[in-house]
Amino acid sequence: MATSAATSSFPSYLFPAPAPRRSGARPARAAAAEGVMDVVSEAELREKGFMGMRKTKLVCTVGPACVDALPALARGGMGVARVNLCHGGRDWHRAAMREVRRLNDEEGFCVSLMVDTEGSQLLVADHGGAASVKADDCSEWLFTSKRTNKAPPFTMHVNFDKFSEGILVGDELVIDGGMATFEVTEKIGGDLRCKCTDPGLLLPRAKLSFWRDGKLVERNFGLPTLSTKDWADIEFGITEGVDCIALSFVKDANDIKSLKTYLSRRSLEHIKIFAKIESLESLKNLKDIIEASDGVMVARGDLGVQVPLEQIPAIQEAIVELCRNLNKPVIVASQLLESMVEYPTPTRAEVADVSEAVRQYADAIMLSAESAIGAFPEKALSVLRAASERMESWSREENMQRLLPQYQLAIALPDRISEQICISAVEMANNLAVDAIFVYTKHGHMASLLSRNRPNPPIFAFTDDANTRKSMNLYWGVIPLQLPLSNNMDDNFKQTIKLLKSKGSVKPGDSVLVVADSDLNQPCAAATSSVYQSIQVRLVD
């Protein structure tokens, strides 16, 4: 074997006891997958080669429409299965999550499990029916917090007793960010009588917002981010072996820190916390929230309830850029292919929306209703995959990676060394046009730093830790593999090349840039010594 070795500013407008190990969560059967690439990545590599491998990760919300389709979704590229605990019951959630684990353990997939908390959602209205109801122009409706056995027609029940506090006659009541609009005509105790001024559909569990003179009426009711139900849901998720938790309606960094402290006390640090950015409060504390979290979800649907629609695209781009600068994975979510809930093909504007998120180098893009309740979950995923692959190819052809600013993240010298090694490694990989980057890592730190720089070749991240493998599932461009690692870089490389050769994944003449991570010998993720860090370029013989 021949071997050669080598060594911004942010946008101004953004302001208990250890848990018992779950039975069956990662059974011995999972060991069969150790050292083997997941079946989707392996098939991609054989079909398209190194440069044809998709970099953007795909998240699917699991719902009634796709439970039976989970195997097909996994084959179609689903990297994360999201279970929204706002909907459905425990039995259904448990069955869906166990099916995902079965696919991983028995069929060679590597799909991470994410649960999404409901949060203390204020102002959710329900008309009492299972389907949507049309609100006609000038029709009068009563919004009330009083629950009756049989509500009269044109009544919406609101889930919070004090929902009308601070609201004035003449204010606008907006349903689901614009699905329908009402004018408040009368206050009757704690209830509101309203006239429809912009007709539309009222869905079950519709979200309300109030506007005055073109601005959101902001009110603070002092409710906690995590409700009693959320804590019970988190316990349920822990029992079922979740890999990450999406925290809804985050207000500030303390919301993230308190949940992380709770998990740490139970030795569950491997469960990653994703902050959902979906309110004005979260935008005002955006940088602190991102720094405190393990990742971010841009929940554009709920965000559009509180922010004027025309501001959403710029906010999305700024969040994606800030997350990349701060080395935190970011998921762009909500209404990417909304028309495919009902129709087998998307609008061209929706495909452009997906492509724009990929162009911005979002780590992942997500299907919500399209996969959860839609008629065509598999088709929606195939559109997401095809659009992301095409945009990635264009970005690579146009060498867009060179335009990415290099924001210095680290402060301590050892961390700065790690950061600079990864920046240099990516520059070398692109300039030398190597086929792949290999990184050997215990906790995934160097893999994330490599991903942050969005290299042209794919990043194969080898780890001996099952939790680390799952956590790297949302890193842009990273294909995580689990196998035993030693402290000897040559031994690790020979072992992985032998393994990949046996699968037909590499061939003689392929060039690989190899990065060794000092965290293989360290108990913490951040590098603490540069002795074991290096860059090498190797040819497969």
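This report describes salt bridges in a predicted model.

## Basis of the report

In this predicted model, local features need pLDDT of at least 70 and side-chain atom pairs count only at pLDDT 80 or more, while totals for chains, interfaces and linings use all residues. Residues are numbered from 1 along each chain as its sequence is written, and side-chain values use heavy atoms, with hydrogens and water left out.

## Salt bridges and their number

Side chains of opposite charge can pair when their charged atoms come close. A salt bridge here is a side-chain nitrogen of Lys or Arg within 4 Å of a carboxyl oxygen of Asp or Glu, and by this rule the count comes to 37 salt bridges.

## A pair between two strands

R82 forms a salt bridge with D116, with the closest N and O atoms 2.8 Å apart. R82 lies in strand β3 (residues 78-84) and D116 in strand β4 (residues 112-116), so the pair ties together parts that are 34 residues apart in sequence; strands (E, at least two residues) and helices (H or I, at least four) are DSSP runs, numbered from the N terminus.

R82 is buried at 6% relative accessibility, and D116 is buried at 0%, where buried means under 20% relative accessible area, exposed over 50%, and partly exposed in between (1.4 Å probe, protein chains only).

E389 and K48 meet through their side chains in a salt bridge of 3.0 Å, N to O. This pair links distant parts of the chain, with E389 in helix α12 (residues 377-397) and K48 in helix α1 (residues 39-48), 341 residues apart. E389 is buried at 19% relative accessible area, whereas K48 is partly exposed at 34%.
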